[in-house]
Amino acid sequence: MTYISSGQLRADLEQLMGVALVREPDADEEDEYESSEDDEAEEDDDAFTLDGFTPELRAELEALIDLAENWSPPQLCVLKWGDFCPSPWQNGADRDEVLEEWFDGDEAATDFVMRAVSVVHGGGGFYVLVNEDGRMGILCEDPHSFDRLDCTLPQFLKTLVSAHHMVSTRGLEAAEAELIKVVGTHAALLLTFAGRLAPKG
């Protein structure tokens, strides 16, 4: 799993756009400032970290965070880059609340989302998640639901880049078919719901 940290995702995005991505100005200074804040946050017992993720997956996530925050990558298929933290942590929800109020006692879904980070999200309150062991899923907020995805993070991102290209060149149905191959029918329909993949202009 070196798709993101190797720079290949950035290269794919540059090819898709036809221009080189440019690092945001003063990003190094911002990184130093954010690093200082991160150091302080790590002293807080309630702060979220990527410590539980495998070193390989953590490197990919950190590279994706850097890309999203410092290189101005395009939205793919009108989907935004994620929040890079677990939704329960971001919403101040503990395990009991997630178990009882989000998933009506579904232990498996609760265990998955408690520390799975959001890497991509879309309008309508859904989040594409990556768990500590690399498994993926989609969390919907209204009403709460959860579906597992049988793909890896690199596979998902490669397909998203491909679908983004297809919607402009071959249409929505071709993009949806491309997504179905990797994420399944239900997730593909969610990702394309209400013209979310419709080309701009």
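In which helix is N70 found? N70 lies in helix α3, where helices (H or I, at least four residues) and strands (E, at least two) are DSSP runs numbered from the N terminus. N70 counts as buried because its relative accessibility is 4%; buried means under 20% relative accessible area, exposed over 50%, and partly exposed in between, with a 1.4 Å probe and protein chains only. The side chain of N70 makes a polar contact with the side chain of D66, at 2.8 Å. A polar contact is a pair of N or O atoms within 3.5 Å; within protein, one must be able to donate a hydrogen and the other to accept it, and residues adjacent in sequence count only if both atoms are side-chain atoms.

The model is predicted, so local features need pLDDT of at least 70 and side-chain atom pairs count only at pLDDT 80 or more, while totals for chains, interfaces and linings use all residues. Residues are numbered from 1 along each chain as its sequence is written, and side-chain values use heavy atoms, with hydrogens and water left out.

The chain has nine helices and five strands. Along the sequence they follow the pattern α-α-α-β-α-α-α-β-β-β-β-α-α-α. Of the 201 residues in the chain, 42% are buried. Among contacts (heavy atoms within 4.5 Å) between residues at least 6 apart in sequence, 57% join residues at least 24 apart.

Strand β5 (residues 144-149) runs antiparallel to β4, and six bridges join the two; strands pair if DSSP finds at least two bridges between them. H144 in β5 is the bridge partner of E141.

A nonpolar core is a set of buried Ala, Val, Leu, Ile, Met, Phe, Trp, Tyr and Cys residues joined through side-chain atoms within 4.5 Å. The largest such core holds 47 residues, of which L9, L64, V119, L153, F156, L157 and V183 touch the most other members. Elements that each supply at least two residues of this core include α1 (8-17), α3 (55-70), β2 (117-122) and α7 (153-169). Helix α7 gives the most, with eight residues. Leaving aside residues up to four places away in sequence, L64 touches I4, L9, W81, F84, V119 and L157. Another core, of 12 residues, lies apart from the largest one, and F103, F112, V113 and F146 are among its members.
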